[in-house]
Amino acid sequence: MAIRNPLYDLRAEPQTLPHGIPLVAALKGYADAGTVVELFTENLRGHLEARTIADFDADELLDFRSRRPIAQIESAHITDITTPSLQLQLLRDQADAPFYFLRGFEPDFRWPSFLADLLTLLDAIDVASVTWVHSIPMPVPHTRPIGAAVTGNRQEMIDQFGVWQPDTTVPASVLHVLEHHLADLGTPVTGFAMLTPHYLAETECPTAAVAATECVAVASGLALPTDELRDESQRFLTRLDEQIAENEELQGMVRGLEERHDDYLRREAPGVLRPEVPSADEIGAEFESFLARRQHPGEDTGDRPQLG
């Protein structure tokens, strides 16, 4: 039986690396409403020292036609080409505690091989826990705290953060599949789907990125930076409120979402910060619509407000 080469280049031998530390994962290419994964990733990369441990093979895993390299052009000359990457990195948090970070593109191809190689690598470094994050559109107002849908085998995380716990089906990301394998192996694993206001799904929403960072920090026990994201969030909310103040239709939409949210608090969870969420069928339809718009970005978005 032929032995295939792994889908990554290792830059350090596993025995020389820290063992028994957390892994955080955030991959671009799945839903990512409000570009939360991108904001979350850039925030960590911008504030924490990183060392690349493994580079995954983009030639084997990436569809370059759907996610093309970026060409930098200056004075009619191409000065740089940036190719999407998928890496396992070693970072240190603000308290100097080490953790691994899986970041970059979600593979387009060879999911079973990618997952087999990743699981082998994670076993070699004996990760203590895995926490991953993504974002989905939800009919909730931006004027209330961003909630999360939580999956995994850590019931305490589900109880603390899981404001939406339906029986439903959604299109899976590769990290959903990884979570499923890890849960079977008994590795502590938590997945956070940030419930980003649906009318902000196609713009950057730093408020949801702040919430994502806080959730991951609690689940992983890491001290993660949020100050710059919080400042960006405050500026974003100020601009957003100014736009809404000039549009009666948007004002009515937000008021309706607020009423639904607050009515739930009064009826079902007085004193507890848990927004009302729609049925599984409603959110499934919204999610499918969002994915379709991402696959066909030039198509009409109907009456969905484009806020930036």
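**Stop one: a helix and its neighbour**

Select Gly-221, which follows helix H6 and has a positive phi, near 75°. This is a predicted model, in which local features need pLDDT of at least 70, side-chain atom pairs count only at pLDDT 80 or more, and totals for chains, interfaces and linings use all residues. Residues are numbered from 1 along each chain as its sequence is written, and side-chain values use heavy atoms, leaving out hydrogens and water.

Now highlight H6 itself, residues 206–220. Helices here are DSSP runs of H or I with at least four residues, strands are E runs of at least two, and both are numbered from the N terminus. In H6, 13 of the 15 residues are buried, so the rest of the structure largely encloses this helix. (Buried means under 20% relative accessible area, exposed over 50%, partly exposed in between, with a 1.4 Å probe and protein chains only.)

Val-36, Leu-39, Phe-40 and Asn-43 of H1 meet H6 residues including Pro-206, Ala-212 and Val-216, where contact means heavy atoms within 4.5 Å.

**Stop two: charged pairs**

The term means a side-chain nitrogen of Lys or Arg within 4 Å of a carboxyl oxygen of Asp or Glu. Glu-42 is partly exposed at 41%, and Arg-45 is partly exposed at 42%.

Finally, select Asp-63 and Arg-65, another salt bridge at 3.5 Å, N to O. Asp-63 is buried at 18%, whereas Arg-65 is exposed at 66%.

How values were computed
The expected span of a helix is 1.5 Å times one less than its number of residues.
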